[in-house]
Amino acid sequence: MRRYIDFYLATMRISILEQIQYSVANYFYMIGMITEPVIYLVVWTTIARQQGGTTGGYTVGAFAAYYIIWTLVRNMNIVFTPFGWEWRIREGQLSMMLMRPIHPIHSDVAFFAGWKFVVILLWLPLAAILSWIFKPTFDIRWMEVIVFSLAIWGAYLIRTMLLSLLGMITFWTTRVSAIFELYFGLELILSGRLVPMTLMPVWIQDLSNYLPFKWTFFFPIEALVGNLTDVQLWSGFGMQLLWIATGIFLLNIIWNFAIKQYSAVGG
Amino acid sequence: MNPIKLALTYLRIGVLNEMQYRINFFIQLLQSFISVATGLIGLSLVFGQVKKLAGWSRPELLAVMGVHLLMGGVIRSIIQPNMERLMDDVRNGTLDFVLTKPADAQILVSVHEFRFWQLVDVIVGIVVISIAFIQLNGTLGILQFFGFLSALIMGGIMLYSVWLMVTSISFWVIRVQEISNLFEGLYAAGRWPVGIYPSWLRTGLTFLVPVAFAVTIPAEALTNRLTGTSLLIALGMTLLFVVLSRGLWRLGLSNYSGASS
Amino acid sequence: MTPTISVSNLSKHYKVPERDGGMKAAVISLFNRKYRTVKAVDDVSFNIEAGEVVGFLGPNGAGKTTTLKVLSGLLHPTSGMVNVLGYEPTKRSHDYLRQVALVMGNRNQLSWDLPAIDSFELQRAIYSLPVSEFKKTRDDFIDLLELKDLVNKPIRNLSLGERMKMEIVGALLHRPKVLFLDEPTIGLDVTMQRRIRAFIKEYNQRWGATVLLTSHYMADVEALCKRVIVIHHGHTLFDGELNQLVTQFSSFKTLGITLPDPEVDLSQYGEVLTRDGARVTLRVPKAKTSQVTANLLSDLQVDDLTVEDTPIDDVIDSVFTSTKAAK
């Protein structure tokens, strides 16, 4: 255990040192990403205004709050991609990682976790500017803050598991970009990234309950900006833990097959 | 060498190259369908709540989506690949190979790359526009059609010029990859008519990244909103962007030669 | 005593999908794939004792890298037994990985944007090395490779050779007992190659590490390896002392002669390899060397005469060409 803590801290330190050097690039990246929620926000506040101030229970200010927190959650959701796995296998980087007495997934989780600290720091001024422009209304209890700050890391881990699982496909075939696109399309609809899930048709909401996506987007945002009870907050976080455990379980199984495949065909 | 001939040669090479990877056609087709599907879901969510969004009806917004898709295909097949390659060339110093060729360097770097299969988006975009047009029960007059076409071409030229300007910055600032990401993000705003955005954003989308001219104005032509004045402004802006980008490109180039010798 | 590395009847075969060009064939291949078997390594056996430095020679595609990857645990053997330090490499047990290192000349592990010293810290955590021991090893290595002024500079600002030195330091910080080096000096200039060679030698002597090395540069092999294993098309062609390789495979010697009269024709004595003014090199069958030398000295006025073994490069060359001819 101590060994892993030491490894995580060392990797996070490296990633923070690296990413600080790229603050400007990171900023451009974040600003580029902000246009997406701003578009959604503008569309939905336009609708809310047309309907006299609220749509589907969201006021103009509530939409603003949703999509501003959205930007942080989106940043927390950035993890090592399946395209990265493809590259890693093609370039032989995976071989070098496999020579270390530590699982490559640990490296990914630790590296991106370190990066998140830089991202959160860079996000704060952006959030301030967005708040100044769009005037969000927040009604926050301290319990919401606690669960939110845990849930963004839960979202990070769930998405890491999902995209790593997706990345495993590249051990067998390299022509997978279509599968990835399909995945991202599903995620857009079922996660709360496009609109708050409560605005979705009921059958999509039902479907999303059985899938991991909404726990990476809608739940963390809703934990902070919505009006969930303490029970709802903690059971939501419990669902996140469940999905993380499921992800680890599946990843372990598929990883064994993937490594067998890798060591059969070369690296 | 005749620039048009040159462009056609590269075009041919690009097509031949891409024909080898026919599976990419299906991948591209699937991607286009996914983006149409998510777009349609977005529209149905919006029009589940209201009849009109900022004065635009559902089929009208479908037309906007079609133009956005079409123009996106043009960007990804021709403009973006060339500009990204240019950034790489500047960084790796391989631009020398281009500069030593006996042709206008700007034209050379602009026609080098061609992603043939991305044109699937153009086709899908045209299909979406047609469907929207049928839903509108519209008749396309000859004047209206040429208004649309010229707005589209001018929009394309403006987008190219802005890309070139941004890329020219790579002569001074090496890491500009993120700028292209920023550009993609801003282009996504064109999915909706720029009129719905707050004024500061609308200004940016009109004059900095001319999404307004590239998507909204052609869509206005289709939905009988276009006035002669805005077409004239588009013409003026196009000329301005072309001249500006040419100037910045030249400046960057002289900076590049100065640094590498 | 059991050898550090033991390989018996190792084979590694790949199945490669085979298909014709065109769309139709591509679609067919989705359902009914045809495979062709490539024998990258075929029935190779050898043992390496602790502390040995062995050169692994062969042309591209001979199976060198495949063998190294099997030994590192990255590849499963198709058949045969492999044992390193008492471990079965394919199991990739962490205890095993902690005792070996694979260095590939064209792969990098260190963070591009950070000074090496930061990346070394990560290596310490990966291998959970005790801090004091880690610091001592690190500083020793830095001294040996004269990197003191460079460890605080970002890797991206270093030259290729300096970067490779850093990579080697990073790869050896956990003081592996067994070292697999795949082209460690590729693309480096001669001085840098020499530096790295000296370091590997020093490492081997100081810690008694076992080293298996592939290289395109015979100078690496000559400087480091007493013993070489030559493989070609996945088969072992030779396994023994380097100078034995020369005696076994080279049936010729090279005579260097300097004559006062550059016009003299020497072709009756042997095959003229080069002629540079008064300096001529001749290739003669080994058995005849002493006789030809005597003849030359008695027949002609000779200013200078040297007898040399054929350069190792040429020997290796002739090993491969002779087997190719035999096939």
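**Reading domains, a contact and a sheet**

Mentor: Welcome! In chain C, the C-alpha centres of domain 1 and domain 2 lie 42 Å apart. Domain bounds come from an automatic or database domain assignment; here it gives domain 1 as 5–246 and domain 2 as 251–309. This is a predicted model, where local features need pLDDT of at least 70 and side-chain atom pairs count only at pLDDT 80 or more, while totals for chains, interfaces and linings use all residues. Residues are numbered from 1 along each chain as its sequence is written, with chains lettered from A and ligands numbered from 1 in the order in which they are written.

Trainee: How many residues does the contact take from chain B and from chain A?

Mentor: Residues are in contact if their C-beta atoms, placed from the backbone, lie within 7 Å. Chain B gives 29 residues and chain A gives 27. On the chain B side, H2(B) brings the largest share, 12 residues. Helices (H or I, at least four residues) and strands (E, at least two) are DSSP runs, numbered from the N terminus.

Trainee: What is the strand order of the open sheet in chain C?

Mentor: Strands of a sheet pair through backbone hydrogen bonds, either parallel or antiparallel. Two strands count as paired if DSSP finds at least two bridges between them. The six strands run E5-E6-E7-E3-E8-E9, with mixed pairing. At the edges sit E5 (100–104) and E9 (235–241) of chain C, each pairing on one side only.

Trainee: Which strand is joined to E3 of chain C by four bridges?

Mentor: That is E7 (residues 210–214) of chain C, parallel to E3 (residues 53–57). For example, C:Val54 has C:Leu212 in E7(C) as its bridge partner.

Terms used. Two residues are in contact if their C-beta atoms, placed from the backbone, lie within 7 Å.
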